[in-house]
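Please look over the model shown here.

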Amino acid sequence: MRVLCVAEKPSIAKSVSQILSGGQYTTNATRNQYIKNYEFDYPQTNSIYTVTSVVGHLTGNDFYDTHRKWNSCDPFALFDAEVETTIDKDKKSIEANLLAQARRADMLMIWTDCDREGEHIGLEIVHVCRRAKHNIVVKRARFSAIIAQQIHHAAQHPVELDRAQADAVEARIILDLKVGAAFTRMQTQILQARFGQLAEGKNIVSYGPCQFPTLGFVVQKWNLVKSFVSEPFWYIYLSLTRDTSSQGEEETVFTWRRGHLFDEDVAVSIYSHVLSNPTAHVTKVVTKETKKWKPLPLTTVELQKAGSRLLKLAPKKVLDIAEKLYQQGFLSYPRTETDQFDPQFDFHTLIQKQTVDTAWGTFATSLGEGGFSTPRKGKNNDKAHPPIHPTAHAGNLAGDEKRVYEFITRRFLACCSKDAVGSQTTIDVECGDELFYATGLVILQKNYLLVYPYDKWVGHVVPAFEEGEEFQPSVCELREGKTSKPSLLTEADLVTLMDKNGIGTDATIAQHIQTIIDRDYVIEQMDGATKYLIPSKLGIGLIEGYNQIGFSKSLSKPDLRRATERSMVRVCERTKSKAEMLEEAIDQYKEMFIIARREFEKVVG
């Protein structure tokens with residue numbers, strides 16, 4: 001039997017061929033400089049394999065000529081316009097290769113990435129190959145890492161292509177095209193004269209169903225910071241300085257249980273009462289074990305947040321690097337919502353591979369000698385891929401690739417370690433009928449912290465106090481403070497907001513952020529090592545204008561896109577059809593379009 005295997009990228013095709021053939025394959029060139037065909041026998045299934053690839057999506061979607069040009073129709077007509085699907089011009093050589101190989105194959109096995117997008121690309125491949133051979137058998141290889149065990153299992157136990165996931169992606173593509181084109185044409189035609197110069201010579205003021213809610217978060221935080229007015233507050237500062245044998249004189253600060261008060265008169269009254277009876281009484285001393293929990297298994301969203309916050313890398317760059325490391329066989333598939341490992345997951349084989357590393361090899365060895373503890377279970381499982389983890393040791397990486405791989409590996413080893421353990425002492429004090437407390441921490445076992453320097457847990461020893469003890473405070477003062485201005489939005493903050501509000505998927509969030517930066521709606525501003533996102537004048541004008549329309553589901557708010565993402569899930573679950581999803585979503589955007597155009601003078605104003 002002849003089997004045609006088609007991967008999503010050339011690097012995956014080559015890696016799959018090397019694993020399945022044991023390195024014994026024939027390479028044939030194609031008309032596309034990036035695409036090779038690898039041929040070999042695969043005796044495990046008594047088959048002859050040809051492994052090739054595409055380079056992402058084969059097809060593109062656009063309107064027919066009657067609606068394609070900017071002035072060819074009223075923008076509103078685009079919502080109901082027919083959409084044609086064609087093979088992109090630069091993919092014609094790839095199409096020709098698939099047609100030629102499909103003619104001589106008995107089975108087509110899809111090896112695209114195992115996610116929604118991969119299912120859709122797989123269906124594109126199927127449509128091309130069935131034009132060459134309509135009765136070709138179609139199967140799908142399911143895998144999460146480019147490692148021998150998974151690749152052989154996928155080849156020997158193929159499954160069916162998930163058409164529902166492909167339908168969900170196709171519906172989203174069509175929706176984004178129609179909504180994006182209609183609103184982009186409408187707002188560009190009206191706003192170009194006023195805001196064109198602010199977009200550095202760009203002629204299009206684009207709209208995207210995901211990018212506008214994303215921009216909305218940036219503007220919302222900017223407005224919060226700009227409108228912030230600091231408020232004074234008052235609190236009682238109570239402390240005792242004692243001479244300890246080990247540390248010399250040491251001040252123990254007792255925190256007021258009330259925190260602080262914004263009413264000065266009330267604060268002064270309470271403070272006066274405390275001064276009338278300033279003797280402090282130790283009412284309780286409690287020492288108990290406490291833990292700092294090890295991190296949860298790593299998801300795509302958490303990787304992007306950590307990459308931005310800890311590694312100072314843009315979310316898109318982090319994801320691009322992780323994708324490359326996956327293609328090289330060093331990481332599992334980096335696009336996953338799952339933060340729990342299956343009970344049957346083989347931790348110890350993967351940990352063993354890390355024992356040779358000069359930085360964390362000793363720690364990995366200790367996990368095999370009694371230090372292992374089953375990773376925590378999060379609440380999410382996409383049933384497609386495990387959490388992100390290293391699949392092989394990578395000793396020759398450099399630069400940002402090394403930093404991303406190191407973070408992921410240390411995270412995995414930390415997940416497999418034990419929680420850090422400490423002893424926490426809490427001292428409760430009453431002074432003038434007011435309650436105060438002080439806490440101390442002694443770290444007893446660092447455990448996962450030994451390999452995971454990204455978490456901090458600092459010990460602080462308090463002097464010994466006994467219940468019933470009385471003392472005269474060294475300091476008892478009414479002090480004034482003021483509320484702090486909130487910080488601007490970071491990329492990590494924005495990723496969190498988008499994930500929480502269902503804007504984009506774990507795999508597309510980074511691209512949406514990059515889009516609003518590329519389109520000059522948002523400006524990146526560095527403050528030390530931290531990058532903040534600030535809306536441009538154009539970005540502010542667009543968002544505030546749409547918000548002024550006053551409709552409850554404003555286009556700059558996440559409601560509509562969140563509903564779309566939920567509809568996609570229902571299509572994947574086969575509880576809603578592609579046609580139903582499109583009709584429902586387009587009707588909602590039509591309503592918003594009518595209102596937006598009718599009241600657009602508010603946007604311009």
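Patches are made of residues with over 30% relative accessible area and no salt bridge, with like charges joined within 9 Å. A salt bridge is a side-chain nitrogen of Lys or Arg within 4 Å of a carboxyl oxygen of Asp or Glu. The model is predicted: local features need pLDDT of at least 70, side-chain atom pairs count only at pLDDT 80 or more, and totals for chains, interfaces and linings use all residues. Residues are numbered from 1 along each chain as its sequence is written, and side-chain values use heavy atoms, without hydrogens or water.

**Surface patch.** Asp-263, Glu-264, Asp-265 and Glu-480 form a patch of negative charge on the surface. Asp-263 sits in the loop between strand E10 (248-256) and helix H8 (264-276).

**Helices.** Helices (H or I, at least four residues) and strands (E, at least two) are DSSP runs, numbered from the N terminus. Buried means under 20% relative accessible area, exposed over 50%, partly exposed in between (1.4 Å probe, protein chains only). Helix H15 (residues 509-518) is largely enclosed by the rest of the structure, because 7 of its 10 residues are buried. Among them are His-512 and Thr-515. The buried residues of helix H12 (residues 361-371) include Phe-363 and Leu-367. Those buried residues of H12 pack against helix H11 (347-353) and helix H13 (399-415), with contact meaning heavy atoms within 4.5 Å.

Lys-312 and Asp-520 are listed below.

Notes: Patch = residues over 30% accessible without salt bridge, like charges linked within 9 Å, V, L, I, M, F, W, Y side chains within 5 Å. Areas by Shrake-Rupley, 256 points an atom, 1.4 Å probe, with all protein chains shown as cover. Lys, Arg positive; Asp, Glu negative; His and termini not counted. Charge placed at Lys NZ, Arg CZ, Asp CG, Glu CD.
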